[in-house]
Amino acid sequence: MTIGKAFADLLTPLTAAASVEAGLARALARLVAATGAEAGALVVRPPREEPVVVTAGARRLPRGLRAWLVAT
């Protein structure tokens with residue numbers, strides 16, 4: 001698999017999602033699974049708008065870990 005194909009596979013959920021948040025959450029979940037990570041967080045800060053924060057885990061995240069990822 002080339003880096004271009006992997007990148008395209010990660011971005012596919014963004015175009016098919018009902019919202020930016022849903023697309024980012026799906027893309028992050030795929031990235032977490034592909035890398036073998038336990039969890040991840042993604043923050044997008046659009047200009048003059050509220051940040052968009054999504055988290056994902058290899059399994060359901062404990063409340064404390066999710067809160068820490070979002071706060072970090």
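This is a predicted model: local features need pLDDT of at least 70, side-chain atom pairs count only at pLDDT 80 or more; totals for chains, interfaces and linings use all residues.
## Model and fold

The protein has 72 residues, of which 19% are buried. Its accessible surface is about 5,400 Å², and carbon and sulfur atoms account for 60% of that area. Among contacts with a separation of 6 or more, 24% join residues 24 or more positions apart.

## Helix H2

Helix H2 spans residues 20-35, which is 16 residues. From its first C-alpha to its last it reaches 22 Å, close to the 22 Å expected at 1.5 Å a residue. Gly23, Leu24, Ala27, Leu28 and Val32 are the buried residues of H2. They lie on the same side of the helix, because the arc they cover around the axis is only 165°. Just after H2 comes Gly36, with a positive phi of about 80°.

Val32 belongs to helix H2. With a relative accessible area of 4%, Val32 falls under the 20% limit and is therefore buried. Beyond its neighbours within four places in sequence, Val32 is in contact with Ala37, Glu38, Ala39, Gly40, Ala56, Gly57 and Ala58. The C-alpha atoms of Val32 and Thr55 are 9.8 Å apart in space, and the two residues are 23 apart in sequence.

## The nonpolar core

Which residues make up the largest nonpolar core? It consists of 6 residues: Leu24, Leu28, Val32, Val52, Val54 and Ala56. Helix H2 and strand E2 (52-57) each supply at least two residues of this core. In soluble globular proteins, nonpolar side chains tend to be buried together.

One of the core residues, Ala56, touches Leu28, Ala29, Val32, Ala39, Gly40 and Leu61, with residues up to four places away in sequence not counted.

Gly40 is located in strand E1, which covers residues 39-44. Its relative accessibility is 12%, so Gly40 counts as buried. Setting aside neighbours within four places in sequence, the contacts of Gly40 are Leu28, Val32, Val54, Thr55, Ala56 and Leu69. Gly40 and Ala58 are 18 residues apart in sequence, and their C-alpha atoms are 9.1 Å apart.

Thr55 is located in strand E2. Is Thr55 buried or exposed? At 17% relative accessibility, Thr55 counts as buried, because the limit is under 20%. With neighbours within four places in sequence left aside, Thr55 is in contact with Leu28, Gly40, Ala41, Leu61, Arg66, Leu69 and Val70. Leu28 and Leu69 are among the contacts listed for Gly40, and both are also among those listed for Thr55.

## The loop between the strands

Arg48 sits in the loop between E1 and E2. The relative accessible area of Arg48 is 83%, which means that this residue is exposed, the limit being over 50%. Phi of Arg48 is near 60°, a positive value in a residue other than glycine. Most residues other than glycine have a negative phi.

Methods: Residues are numbered from 1 along each chain as its sequence is written. Side-chain values use heavy atoms; hydrogens and water are left out. Buried means under 20% relative accessible area, exposed over 50%, partly exposed in between (1.4 Å probe, protein chains only). Contact means heavy atoms within 4.5 Å. Accessible areas come from the Shrake-Rupley method with a 1.4 Å probe; for residues, only the protein chains shown count as cover. Helices (H or I, at least four residues) and strands (E, at least two) are DSSP runs, numbered from the N terminus. The expected span of a helix is 1.5 Å times one less than its number of residues. The arc is that of the directions from the helix axis to the C-beta atoms. A nonpolar core is a set of buried Ala, Val, Leu, Ile, Met, Phe, Trp, Tyr and Cys residues joined through side-chain atoms within 4.5 Å.
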